[in-house]
Number of protein chains: 2
Amino acid sequence: MIEKNKQISRIVDSFLHKGIKLTHQRKVIAQVITDASDHPDANEVFIRANKIDNRISLATVYRTIKLFEENNVLNRIELGGKRARYEELTDAHHDHLIDIDTGDIIEFVDNDIEELQKKVAKKLGYSLVDHKLELFGKKIKTD
Amino acid sequence: MIEKNKQISRIVDSFLHKGIKLTHQRKVIAQVITDASDHPDANEVFIRANKIDNRISLATVYRTIKLFEENNVLNRIELGGKRARYEELTDAHHDHLIDIDTGDIIEFVDNDIEELQKKVAKKLGYSLVDHKLELFGKKIKTD
DNA sequence: TTTCCTGCAAAGGGTTTGCACGTGT
DNA sequence: ACACGTGCAAACCCTTTGCAGGAAA
């Protein structure tokens with residue numbers, strides 16, 4: 001139990017500090033997102049939150065997701081016109097490798113790429129504010 | 001005139017070779033996309049195509065864009081839940097730097113980044129099929 | 001002529017919103 | 001008590017689709 005409380009602290013804390021109301025729904029949704037390791041979409045968050053407490057509507061999930069995004073605790077991953085997927089935002093930046101056969105999303109970090117990006121932006125006369133890198137790959141068979 | 005015909009040859013050719021009907025609408029839409037240098041969205045393509053010939057509907061623009069995508073002559077750029085934008089696909093691969101103040105899209109190529117991506121994918125057990133890199137930056141003032 | 005394409009308008013899928021009620025502080 | 005959050009259903013926006021008429025081959 002103490003473990004659980006600790007897990008949601010990042011999201012919860014950022015709200016306590018900003019005077020935003022910590023409702024039952026928001027706690028459950030924060031919990032669901034923190035517990036997820038598979039980048040769920042809004043509907044999936046809704047389903048999981050509902051299993052915990054059925055007083056939660058899809059509309060509230062969308063409103064809460066937007067709230068989380070605005071408070072920089074949640075990151076949206078857009079995948080070509082389909083439902084957007086989400087992940088909790090941590091301090092450690094990372095990018096995504098998407099398995100084109102299974103849809104699995106693998107996270108990775110590569111500092112060399114990050115550095116090159118800054119360099120490229122600067123060369124074009126810009127300071128890099130953010131970036132989005134998605135690799136699409138096929139699993140190499142090792143049999 | 002000869003120049004114009006030459007410009008749309010890439011898109012037109014891939015149709016002649018595949019036995020797909022080359023309708024008036026498709027020619028105009030191909031022309032509009034080839035002439036565009038600003039990554040227009042579907043509605044913008046519709047507006048421009050209509051100026052050239054008002055017998056073109058939005059539905060046809062969408063159908064034609066999809067057709068172009070399937071034939072790998074058009075590339076879709078997704079920008080966070082808003083309308084998708086498009087660009088003619090050339091052999092030379094490039095990525096995008098988006099000006100977060102103006103929405104301008106600047107194209108760039110960086111072979112070092114491309115190479116690193118392949119290396120990263122391989123390290124994770126994948127062969128790189130495709131990738132999407134978008135940098136978001138603010139223009140550095142030089143005054 | 002035959003097959004495929006088009007325009008129109010209606011449907012679709014994901015996301016947002018107006019409203020009256022409910023809840024956290 | 002008061003301000004803000006919620007559920008519901010309707011609205012919204014972009015995109016797709018069914019159908020009957022129209023054009024390319």
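A salt bridge is taken here as a side-chain nitrogen of Lys or Arg within 4 Å of a carboxyl oxygen of Asp or Glu. Between chain A and chain B, the count of such salt bridges is zero. The model is predicted, so local features need pLDDT of at least 70 and side-chain atom pairs count only at pLDDT 80 or more, while totals for chains, interfaces and linings use all residues. Residues are numbered from 1 along each chain as its sequence is written, chains are lettered from A and ligands numbered from 1 in the order in which they are written, and side-chain values use heavy atoms, with hydrogens and water left out.

Chain A superposes on chain B by a rotation of 180 degrees, with 0.0 Å of shift along the axis and an RMSD of 0.1 Å. This is the relation of a two-fold axis. Leu133(A) is the residue of chain A that comes closest to the rotation axis, with its C-alpha at 2.2 Å.

Contact (heavy atoms within 4.5 Å) links 33 residues of chain A with 33 residues of chain B. The copies meet through the same surface, because 100% of the interface residues of chain A are also interface residues in chain B. About 3,100 Å² is buried between the two chains, 69% of it on carbon and sulfur atoms. Buried area is the accessible area (1.4 Å probe) that two parts lose on being put together, summed over both. Tyr126(A), Lys132(A) and Phe136(A) supply 22% of the area that chain A buries against chain B, more than any other three residues.

Twelve residue pairs are in polar contact between the chains, both residues at pLDDT 80 or more. A polar contact is a pair of N or O atoms within 3.5 Å; within protein, one must be able to donate a hydrogen and the other to accept it, and residues adjacent in sequence count only if both atoms are side-chain atoms. Strand 3 (95–99), strand 4 (105–108), helix 6 (111–123) and strand 5 (126–139) of chain A each supply at least two residues of the side that touches chain B. The largest share, 14 residues, comes from strand 5 of chain A. Helices (H or I, at least four residues) and strands (E, at least two) are DSSP runs, numbered from the N terminus.

Strand 5 of chain A pairs with strand 5 of chain B in the antiparallel sense over 13 bridges. Pairing requires at least two DSSP bridges between the strands. Asp130(A) has Phe136(B) as its bridge partner. Phe136(A) is partnered by Asp130(B). Within chain A, strand 3 and strand 5 run parallel, joined by four bridges. Here Asp99(A) stands opposite Gly137(A).

Note on methods:
Least-squares fit on C-alpha atoms with pLDDT ≥ 70 in both.
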